[in-house]
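Subject: Structure handover

Hello,

I am passing the structure below on to you. My notes on what was found in it follow.

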Amino acid sequence: MYGSENNREDSERTAFRRAEKNYKLYYDTNASKNKKKKKPKPVDLTEVLDFRSILECHDRNGELPPFVNVIHDKFSSPVFSLQNRPGFYFIPGALSIEKQCSLIRESLIDFPQPPNRTNHNAIYGPIHNLFDEAKEGKVLVEEYSPDGSPKLGPDCDYQDGKRWKFVTEKEELLRKGKSVPASALLRKLRWSTLGLQFNWSRRNYDVSLPHNKIPEALCDLAKELAKPAMPAGVEFQPEGAIVNYFGLGDTLGGHLDDMEADWSKPIVSLSLGCKAIFLLGGKTREDPPLAMFLRSGDVVLMAGEARECFHGVPRIFTDEKNAEIDHLQAQLSHEDDLCFLKYIQTSRININIRQVF
Ligand SMILES: O=C(O)CCC(=O)C(=O)O
Ligand SMILES: [Fe+2]
């Protein structure tokens with residue numbers, strides 16, 4: 001989606017592409033012919049930078065790796081930076097467990113609601129209440145407008161005489177035509193956009209699209225978290241955000257986020273759910289990237305020169321040992337939260353917040 005696969009032959013030769021392939025999920029095809037038992041190929045994680053261990057080391061006054069600096073000013077918890085990547089900041093465990101849970105709930109219930117757009121818009125138009133409809137086992141079906149009229153007015157969602165709507169499984173059995181279970185759509189939810197809406201095909205912000213402001217609590221959180229990367233006295237102005245949803249095997253190819261006007265302003269990036277590997281490269285794909293773990297609650301800031309660095313997510317871990325979401329399991333164990341727990345046990349959510357102008 002970021003054009004990472006555009007020039008396949010070329011990209012296979014770059015250091016960034018090689019690192020992506022190194023960490024990507026592959027299955028051991030030899031191990032078993034039985035698909036249900038397919039096993040992920042083992043991957044060597046010894047080179048992956050672990051800011052949680054660095055934080056623990058810092059807390060006991062240990063010696064940090066020589067290329068890692070810690071900055072304390074302007075912020076309550078330790079903020080780490082990297083010597084050779086000015087403008088990159090890592091704040092391990094910056095989000096409380098309660099905050100992580102409320103952001104997970106919002107990312108599933110509120111953030112994908114129209115007028116916010118999602119990857120499903122292009123095919124199905126705006127979809128309301130996807131998470132609840134999936135919970136209730138509903139099915140999205142295509143229906144034709146009664147009189148075949150192409151569009152019945154601004155409040156009506158018929159397009160070319162058709163629209164999609166949710167029905168129960170029983171109702172679906174009585175119908176002909178295309179249908180898709182809400183649960184399948186939830187699993188295939190890959191992104192939603194908040195605030196100013198990003199147009200993926202034109203790769204710009206389409207200010208003419210209807211949009212709501214970024215929710216106030218998320219705005220305040222981003223302003224606070226952005227402080228280590230902002231000049232004194234200047235406040236970060238969140239105007240747009242992309243929410244990425246990752247399931248097992250999903251990746252985000254190496255890319256630059258270059259559609260915002262002022263690169264001195266940070267992108268504030270929040271990680272929720274299963275642990276991932278993040279690759280931070282250099283200004284070209286030839287520069288070998290640094291791999292690091294991103295856990296639920298970690299926050300990354302990319303400002304200034306770091307905004308010119310290729311980055312991506314080649315891997316998420318959904319197995320119990322590597323996902324590292326025990327704290328979420330405990331916090332989301334109430335009956336009302338089990339649906340969120342079930343989703344996040346095999347998923348990762350990333351919210352990245354931007355000042356556009
Ligand atoms: O998922 C992440 O941690 C990174 C997301 C990202 O780079 C983006 O959406 O531009
Ligand atoms: Fe990005």
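**The shell around ligand 1**

Please keep in mind that this is a predicted model. Four strands each supply at least two residues of the shell around ligand 1: strand 12 (240–247), strand 14 (267–273), strand 18 (311–316) and strand 19 (347–354). The residues around ligand 1 include Ile 242, Asn 244, Ser 269 and Ser 271. Also listed around this ligand are His 311, Val 313, Asn 350 and Asn 352, along with Leu 252, Asp 257, Phe 278 and Leu 294. Sorted by class, the shell has five nonpolar, six polar and one charged residues.

**The annotated stretch**

UniProt, in an unreviewed entry, lists residues 237–357 as "domain: Fe2OG dioxygenase". Over residues 237–357 the model has 14% helix and 39% strand.

One open sheet consists of four strands in the order 13-18-15-16, and the pairing is antiparallel. Its edges are strand 13 (252–255) and strand 16 (290–294), each of which pairs on one side only. From one strand to the next, the twist averages 25°. Five bridges join strand 15 (residues 276–280) to strand 16 in the antiparallel sense. Within this pair, Ala 276 stands opposite Leu 294 of strand 16. Leu 294 is also one of the residues around ligand 1.

**Two domains**

How is the protein chain divided? Domain 1 covers 8–111 + 189–354, and domain 2 covers 121–187. The centres of domain 1 and domain 2, taken over C-alpha atoms, are separated by 32 Å. Contact between them involves five residues of domain 1 and six residues of domain 2. On the side of domain 1 that touches domain 2, four residues are nonpolar, one is polar and none is charged.

**Strands 6, 7 and 8**

Strand 6 (residues 139–144) pairs with two other strands, strand 7 and strand 8. With strand 7 (residues 162–167) the pairing is antiparallel and runs over six bridges. Here Tyr 144 stands opposite Lys 162 of strand 7. With strand 8 (residues 179–181) the pairing is again antiparallel, over three bridges. Val 139 has Pro 181 in strand 8 as its bridge partner.

As a general point when looking at these strands, side chains in a regular strand alternate between the two faces of the sheet.

Regards

Terms used: Residues are numbered from 1 along each chain as its sequence is written. Chains are lettered from A and ligands numbered from 1 in the order in which they are written. This is a predicted model: local features need pLDDT of at least 70, side-chain atom pairs count only at pLDDT 80 or more; totals for chains, interfaces and linings use all residues. Domain bounds come from an automatic or database domain assignment. Two residues are in contact if their C-beta atoms, placed from the backbone, lie within 7 Å. Ala, Val, Leu, Ile, Met, Phe, Trp, Tyr, Cys and Pro count as nonpolar, Asp, Glu, Lys and Arg as charged, and the others, Gly among them, as polar. A residue is near a molecule or strand if its C-beta atom, placed from the backbone, lies within 6 Å of it. Two strands pair if DSSP finds at least two bridges between them. UniProt positions are given in the numbering used here, feature names are shortened, and annotations may be inferred rather than shown by experiment. Axes are lines fitted to C-alpha atoms, for helices over the stretch in contact, and angles run from 0 to 180 degrees between N-to-C directions.
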